[in-house]
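Thanks for coming. Please look at the sequence and the model on the screen, and then I will go through a few helices and some charged pairs.

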Amino acid sequence: MKASNMVYKSKLLRKNEHVIKGYHLCLDRQNAVFLCQNGSLPLNNGIGGQKGGIFLWNTPNAAVNWLSKLLYCEKQALENGFKYTPVPEQVFVIEYQIPKKNFTYPIWQPDFGLNGSPFIPLILKHYYKLYKKELITQKEANFYLNCSFSNDRKRKKQIKGLVILNKNFYLEIENAGNIPFSNLNKNSVSYSGTIQRLHDFLYLKSNNYKKEYLKLVKKLVTHNQIFAIKYCGKEPLKPVAVEILDSQLRAPIARMENIAVFVQEYKNTLNLKTSSLNTSYERE
């Protein structure tokens, strides 16, 4: 059977209506063991200028879909003679359980880089409402938006503010004129910092936006086929299970719900390697 036809089937823990599950794809066993031992710690920077955190997928298949994209990029790099870091033969899907009562902002946020598009219409709707009711000033909005973005990850330009012309919104870019805000739908990764800032601004200013945002996030996390969230809390997030996958087949090799066993097996492997090296050295 071809790898592309393999169906990833995970032995999920028993469903719990009070819990939201998250899955982190880890390409390195050592990093997977670190996360299992220490819990996940928030990263300093997020993709495209958004706030940092540890990024989780809402289903195991979403994590495997991301693995497929990494393998595709590897294949393209190989065919075109580019340097690349190969995907290991084995990768790890680390499972977390999040009590729904703890699923609150700002500890939990969408990945505005990979999933920014669904929030753009909501942001425009409520920003315009506040603007029409004169509940915000242009100066106040521009203060929040005054940041840099990079549309090619090399060349950064400064966002000077948000401009409204004939009910349409534009980003005023330093030495680049105005960019229609609707363009953010085309590549939310490049503009994720901007989406993050507008979201933060509206979350503080509009109770109606806050209600609709929270409703939309919970819907996307629990019902969307592929959705990425990020944990931005200070307390380490502890995993509940680890699944080892064959990266080429995108199929599970083993699942461990006893995290201590997974960590100990890795330590045993290291001890065997060290012992083997010492024996070899003594013989020489």
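Does Lys125 count as buried, partly exposed or exposed? Lys125 counts as partly exposed, because its relative accessibility is 36%. Buried means under 20% relative accessible area, exposed means over 50%, and partly exposed is in between, using a 1.4 Å probe and protein chains only.

Before going on, a word on the source. This is a predicted model, where local features need pLDDT of at least 70 and side-chain atom pairs count only at pLDDT 80 or more, while totals for chains, interfaces and linings use all residues. Residues are numbered from 1 along each chain as its sequence is written, and side-chain values use heavy atoms, with hydrogens and water left out.

Back to Lys125. Its side chain meets that of Glu212 in a salt bridge, at 3.0 Å from N to O. A salt bridge here is a side-chain nitrogen of Lys or Arg within 4 Å of a carboxyl oxygen of Asp or Glu. Lys125 sits in helix H3 and Glu212 in helix H6, 87 residues apart. Helices are DSSP runs of H or I with at least four residues, strands are E runs of at least two, and both are numbered from the N terminus. Glu212 is partly exposed too, with a relative accessible area of 30%.

How do H3 and H6 pack? Their angle is about 170 degrees, and their axes are 10 Å apart. Axes are lines fitted to C-alpha atoms, for helices over the stretch in contact, and angles run from 0 to 180 degrees between N-to-C directions. H3 and H6 are therefore roughly antiparallel. Angles under 35 degrees count as roughly parallel, over 145 as roughly antiparallel, 65 to 115 as roughly perpendicular, and the rest as oblique.

Next, the other partner of H6. H5 and H6 pack at about 120 degrees, with axes 6 Å apart, which makes H5 oblique to H6. The loop between these two helices holds Ser206. Ser206 is buried, at 7% relative accessible area. Leaving aside residues up to four places away in sequence, Ser206 touches His126 and Leu130, where a contact means heavy atoms within 4.5 Å.

Glu243 and Arg255 form a salt bridge of 3.7 Å, N to O. Glu243 is in strand E10 and Arg255 in strand E11, so the pair ties together parts 12 residues apart in sequence. Glu243 counts as buried, at 3% relative accessibility. Arg255 also forms a salt bridge with Glu257, at 3.1 Å between the closest N and O atoms. Glu95, Glu243, Arg255 and Glu257 are linked in a network of salt bridges.
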